[in-house]
Amino acid sequence: MFITPIVGVVTFIWHGRIFDFGLFRLDFGVPSNRAVFRPMEDIHGYLAYALFALAGMHAAAALWHHFFMRNGVLGRMWPMREGAGTPVGENISAE
Ligand code: HEM
């Protein structure tokens with residue numbers, strides 16, 4: 001999760017690009033280096049797709065728990081809902 005954007009930044013910098021935030025610019029003065037940015041770009045892409053797949057599986061598992069196992073896991077993930085933050089194993093509906 002944290003490595004993906006870090007590798008993205010490495011790809012970006014070794015592409016010879018600069019961060020232009022409008023008010024100021026961040027130029028690392030690194031010349032474009034194909035030997036670095038090419039593999040980094042590939043790794044960044046694979047990590048990003050792995051992250052998307054993980055997010056998708058996480059959402060699918062949450063829906064599985066909600067609709068098939070009916071165990072309140074989704075409710076505990078949902079912020080500002082009854083049972084949010086309840087430790088696993090504690091049945092809120094029994095109270
Ligand atoms: C979690 C955060 C991020 C995700 C999920 C993400 C995702 C992606 C994806 C899906 C691609 C296209 C890969 C492909 O075509 O195979 C990409 C390309 C790229 N990303 Fe990221 N990215 C993230 C953060 C960043 C950051 C922080 C930077 C740098 C500031 C960055 C720089 C780049 C660059 C330079 C490319 C290549 C673009 C090009 O082809 O010109 N990424 N990113």
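Mentor: Start with burial: a residue is buried if 20 or more other C-beta atoms lie within 10 Å of its own. Contact means that the C-beta atoms of two residues lie within 7 Å. Keep in mind that this is a predicted model.

Trainee: Which contacts does valine 7 make, leaving aside neighbours within four places in sequence?

Mentor: Met40, Ile43, His44 and Leu47.

Trainee: What about the largest nonpolar core? Which residues are in it?

Mentor: There are 5: Val7, Ile13, Trp14, Phe37 and Met40. H1 and H2 are the elements that give two or more residues to this core.

Trainee: Back to H2. Is it largely buried or in the open?

Mentor: Largely in the open, because the number buried is 3 of its 36 residues.

Trainee: How far apart are its end C-alpha atoms, and what span should we expect?

Mentor: They are 50 Å apart. At 1.5 Å a residue, the 36 residues of H2 should span 52 Å, so the two agree.

Trainee: What comes just after H2?

Mentor: Arginine 70, with a positive phi of about 45°.

Trainee: Switching to the ligand. Which residues surround it?

Mentor: Thr4, Pro5, Gly8, Val9, Thr11, Phe12, His15, Glu41, His44, Gly45, Ala48 and Leu51. Helix H1 (3-13) and helix H2 (34-69) are the elements that give two or more residues to that shell.

Trainee: Which one gives the largest share?

Mentor: H1, with 6 residues. Thr11 is in the shell and is also one of the buried residues of H1. On the H2 side, His44 is in the shell and is buried too.

Trainee: Now the loops. Where is isoleucine 18?

Mentor: In the loop between H1 and strand E1 (19-20). Isoleucine 18 is partly exposed because it has 13 other C-beta atoms within 10 Å. It touches Arg25, Leu26 and Asp27, not counting residues up to four places away in sequence. Its C-alpha is 9.0 Å from that of valine 30, which is 12 residues away in sequence.

Trainee: And phenylalanine 28, where does that sit?

Mentor: In the loop between strand E2 (25-26) and H2.

Trainee: Why does phenylalanine 28 count as exposed?

Mentor: Because phenylalanine 28 has 12 C-beta neighbours inside 10 Å, and the cut-off for exposed is 12 or fewer.

Trainee: Zoom out. How many helices and strands?

Mentor: The chain has 3 helices and 2 strands. From the N terminus on, they run α-β-β-α-α. Of the 95 residues, 8% count as buried.

Trainee: Last one. What is the mean pLDDT?

Mentor: It is 90 for the chain, with 88% of residues at 70 or more.

How values were computed:
Residues are numbered from 1 along each chain as its sequence is written. This is a predicted model: local features need pLDDT of at least 70, side-chain atom pairs count only at pLDDT 80 or more; totals for chains, interfaces and linings use all residues. A residue is near a molecule or strand if its C-beta atom, placed from the backbone, lies within 6 Å of it. Helices (H or I, at least four residues) and strands (E, at least two) are DSSP runs, numbered from the N terminus. A nonpolar core is a set of buried Ala, Val, Leu, Ile, Met, Phe, Trp, Tyr and Cys residues joined through C-beta atoms within 7 Å. pLDDT is the predictor's confidence in each residue, from 0 to 100. The expected span of a helix is 1.5 Å times one less than its number of residues.
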